[in-house]
Amino acid sequence: MIQQKLFPFNFEMTNERLSSRSGLSLIVGFYNALGLSELTDKYLPPPLSNRGFKPSAFVNSLCLLLTSGGRSLDDIRELKTEKALFDITGIKTIPDPTAIGNWLRRTGKNGLLGLKQLRNEINKTIMEKEDTGGYTLDIDATEIISEKRDALYTYNKNKGYMPMLGFIAENDICINDDFRDGNISPADDNLEFYLECKKSLPAGKKYERVRADSASYQAEFINKLEEDNVKWAITARKDKSVKQAIKSIKHWIKHNDYEIGETVHSMDKTKSAFRLIVKREYRQPDLFEEEIFYHAVASNIEDMSAACVLEFHNKRGQAENLNKEVKAGFGLEKMPCGEFLANAVFFRIGIIAYNLFLGFKKLFAPSMMNHTISTFRWKIINIAGKVVSHSKNQILKLCVDISKFNLILDIRQKILNFA
């Protein structure tokens, strides 16, 4: 009686050609239309022997793994069970976890350089038809906690890594990634990172605005932005001179539940003065005490009110959300190897997978632009399907309602037109 109540059915194995991730067929179709394999083999070092896997076998497999929700290299074994799906999409090779780990360790700096070229080529294809000529660049570092043997302690006293990422606010694309040791301060080499972001932008595009936190509050960085005629808003570090400038503000304007004040400020080595906009907020930690909290933003934006500049700067918080999407959504919160360079290669492939996902939505499913990868998996990737053959034709039968079926057909047609 208990068995009948809890499990009123039996289990059996089947040799039918089934798939639990039929939506991956659309992703594979996009990769093929984009020529991802050809681009990967063009830019990355070839195998050491004629019997070795091409770089595309590793990059494609990892992109599919991270897009479908894999959290470790061992999860590739689950992906390999989708034999029916890969048979009809033309994927012949998916390396095992050991082979992928060995390739990550072996590919090294040359692989990182090739992946950068691949990333830029993909971003160019995604962005080339955008009407926007001037973009907003958001720069932000993010912490990855890891117990790998070569991981170093971050400023948060966690063992791990501290990659720097550059996102374009208008399309959420990660235009540049720099995988860094945990003991590297987010304030290190910000100017060099910005210059690399400029190089990574497709021809004919430019940055008109830059937003960053206090790690980028540096004279040489600000001078370069001024030289490039870029509008910028950067969190000001509350050093001695900034604190004195805040004290000099006499006029405060009530705005929402806080006050805004403004003054003119400069740093020792900046070539011109800039606005220092300060938010003053009264906080009551307990019943008998009240504290004053100050938040300062430095900016050269003259055609906005102080409140609008603060609002513009606060929108850089979207970069932090994108960091979460990259790490939690694409499995980059966990590194697979004990070697720094191998993890740097893995991380950049994860960024490529993230950008490919954005490109897929933008080009073929604009109605899903606000969907995170986790939602996209629920709605598109994790669809039950059955492969059947009629004469020489292969058919993937999907278990979906009519509206989703029509959406899938529409995406398929757009990919065919793109190719």
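This is a predicted model: local features need pLDDT of at least 70, side-chain atom pairs count only at pLDDT 80 or more; totals for chains, interfaces and linings use all residues.
Me: Two strands pair if DSSP finds at least two bridges between them. Which residue in S8 is the bridge partner of Ile-139?

Reply: Residues count from 1 along each chain, and side-chain values use heavy atoms, without hydrogens or water. Strands here are DSSP runs of E, at least two residues, and helices runs of H or I, at least four, numbered from the N terminus. S2 (134-141) and S8 (206-212) run parallel, joined by six bridges, and the S8 partner of Ile-139 is Ala-212.

Me: In S9, what is the bridge partner of Arg-211?

Reply: S8 also pairs with S9 (231-235), again in parallel. Four bridges join S8 to S9. Arg-211 has its S9 partner in Ala-233.

Me: What is the volume of the largest cavity?

Reply: A cavity is a set of 1 Å grid points where a 1.4 Å probe fits but cannot get out; lining residues have an atom within 4 Å of a point. The structure has one cavity of 30 Å³ or more. Ile-139 and Ala-212 are among its lining residues, along with Asp-140, Met-164 and Asp-213. Volume is the space filled by probe spheres on the joined points, here about 40 Å³.

Me: How many charged residues line the largest pocket?

Reply: A pocket is an open set of points with protein on both sides within 12 Å along at least five of seven lines. This one has a volume of about 570 Å³ and 22 lining residues. Helices H2 (24-34), H6 (83-89) and H15 (402-418) and strand S15 (393-398) each give two or more residues. The lining has 14 nonpolar residues, seven polar, and the charged count is one.

Me: Which residues lie nearest the centre of the largest pocket?

Reply: The lining of the largest pocket runs to 22 residues. Nearest the centre lie Ser-25, Leu-26, Leu-396, Ile-408 and Arg-412.

Me: Which element gives the largest share of the lining of the second largest pocket?

Reply: This pocket holds about 270 Å³ of space. Its 16 lining residues include Ser-37, Asn-60, Ile-91, Lys-92 and Thr-93, the ones nearest its centre. By class, the lining has six nonpolar, eight polar and two charged residues. The largest share, five residues, comes from H4.

How values were computed. Ala, Val, Leu, Ile, Met, Phe, Trp, Tyr, Cys and Pro count as nonpolar, Asp, Glu, Lys and Arg as charged, and the others, Gly among them, as polar.
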